[in-house]
Amino acid sequence: METLSNLAFGLGVALNWQNVLYCFIGCFLGTLVGVLPGIGPVATVAMLLPFTFGLNPAPALIMLAGIYYGAQYGGSTTAILVNIPGESSSVVTTLDGHQMARRGRAGPALGIAAIGSFIAGCIATLVIAYFAPPLAELALKFSPAEYFSLMVFGLIAAVVLARGSLVKAIAMVCFGILLGLVGTDVNSGVIRFAFGAPELADGLGFVALAMAFFGITDVVLNLEHGEKQEVFTSRIGNVLPTLEDLRTCFWSIVRGTGLGSLLGILPGGGALLASFAAYMFEKKVAKPPRAFGHGDIRGVAAPESANNAGAQTSFIPMLTLGIPSNPTMALMIGALMIQGIAPGPQVMTERPELFWGLIASMWIGNLMLLVLNLPLVGLWIKLLAVPYRLLFPAIFVFCCIGAYTVDNKVFDVYEIAALSAVGYVLLKLDCEPAPMVLGYILGPMMEENLRRAMMISFGDPMVLITRPISAAFLFAAIALLVAIALPALRAKREEAMQE
Amino acid sequence: MRIRSPKDFWAGLIFIAIGGGFVLLAQQYRLGDMHRMGPAMFPTLVGALLVLLGLIIALRAFAFDGESVPRFYLRPIGVSVLAIVLFGVALQWLGLIAAVAVLVLVGAYAARDVRPLENLALAAVMIAFSVAVFVWLLGLPLPLWPTS
């Protein structure tokens, strides 16, 4: 089968020592930030982006990818032990995982989280390998009109599946798009919205934006809330779940992996959505007797498998279509652009070693994470004891140095300061930053594609609807909006967000 | 008419302001037509959409009950922003070592629990780490000392 030969080729790339090293670094850092509450993969990837400039594209992407799915592993550790989700996607794990810890079953909880994640990760790797090529081939046939509509659909889907008020999220997307338009307009050469500042000729810079909105404001909000933790450092005991546990969880892992793989591919999908959905689904579908919310091990197995599968399959739209499903993927696109690679379906044909190497590295990464997490739990626990007041200045330092080194401009540092203030105000008013970052990345591309589509159609906007694929995307976007606006589904969505 | 959802009301206003701002600023550029879209076209379209959305959010704030504006704590955000700005200034005139020191020592005050001795130690650690990793290991062009 072609998939297998592609994977073998990828393994060949992934197994060279440099890529293995960077895979390890990524997984290690990912687990680290996953364990530490108050800093997540988005901020970490943003901080490391400037430093990937000196690397080749393959190790750079492999490392960044490792951070993302590694953080899913790490997040479950804190969720189970401290009832604080290290990652937003680990929130549901706290429900049953921490309860298990209270009942002295922290070890098996951690163990099943790691094992479920590993199995899900391996299967997700296969899913990517199998589905990505046909998808990319399809996308190569797209014209600008299709791309524009696809991006609209992607943004709407991302918003619909996200938290909070729908209208506010769309507004944040628009804000992001507008911010993305700051800088030189490629078509006309005009420098827009720069207020005469030459530093803004290249735009605001997504690194500064991501660090401000996901790093600094996150720290500030954490500082406002204060810290309260209760750590279960006593008796972790045996980290292996019993055979009984494995048998109970088998179908949960299968369901979680399946749901996670599916939801990860959707724009707006990824680890977060996958874990929530898997937990909800598991609650309804698992065989009684059920003890969800009180330490049912399936309540850990399902979401943990799902979040890993979702994290990995969310690479598919990014790698095949050049469309980010979530802020982390948006940053990955940024990493590609730093390397001078235009994201899109041509990446697979022009740089197959990058594409397949990255996919194969996920399998290696999952293996490393399984090994890292189970025996090293004790180490991660010690890290949790680091008080936040020592941690957050370090975050400031990384963010500021990182921002400066993108272009050696002090202006970028001032930019972070200003954007943090803006982000703080917006966040206080319940305006989520994630849709904004997606809009920022996609905005310029949307303008480009719309321009070209209008050029080809001689200014006829109806071309977006007369071309069938384009119409399908737009129709799907509208359908999603209408569906979510309907009271019944809205209630379901809010219920899901409440948990 | 009473504002039943202050949080949403202000969010709506901010969006109207941002969208309107971009639309107004965009008018200095050529609009073009749908066939050949000028630099002003897309920002105008999106900005107008944002104004519309902001209007919807603000008007809904009169119709539906919602949360009131949460408390803005001045200290965490204020000190953080100040520390970052000072880092920028220090980096430009005094070099990395001074900049990191300033960032850590000032930034620490963003938290409620401040322990000066610990912060000095932390600053030292961060300086050592930054120099070792960013300058020596990664070879990034960061000035260590004041440039005169």
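Predicted model: local features only at pLDDT ≥ 70, side-chain atom pairs only at ≥ 80, totals over all residues.
Among contacts in chain B between residues at least 6 apart in sequence, 64% link residues at least 24 apart; two residues are in contact if their C-beta atoms, placed from the backbone, lie within 7 Å. Residues are numbered from 1 along each chain as its sequence is written, and chains are lettered from A and ligands numbered from 1 in the order in which they are written.

Let me turn to the build of chain B. Chain B has 5 helices and 0 strands, where helices (H or I, at least four residues) and strands (E, at least two) are DSSP runs, numbered from the N terminus. With a radius of gyration of 23 Å, well over the 15 Å that the globule rule gives for 148 residues, chain B is more spread out than a compact globule. That radius is taken over C-alpha atoms, and the rule is 2.2 Å times the number of residues to the power 0.38. Of the 148 residues, 41% count as buried, meaning that 20 or more other C-beta atoms lie within 10 Å of the residue's own.

I come now to the interface. In chain B, 56 residues are in contact with 53 residues of chain A. Which helix supplies the largest share of the side of chain B that touches chain A? It is α3(B), with 11 residues. That side divides into 41 nonpolar, 10 polar and 5 charged residues. Here Ala, Val, Leu, Ile, Met, Phe, Trp, Tyr, Cys and Pro count as nonpolar, Asp, Glu, Lys and Arg as charged, and the others, Gly among them, as polar.

Definitions and conventions:
Buried ≥ 20, exposed ≤ 12 C-beta atoms within 10 Å, placed from the backbone.
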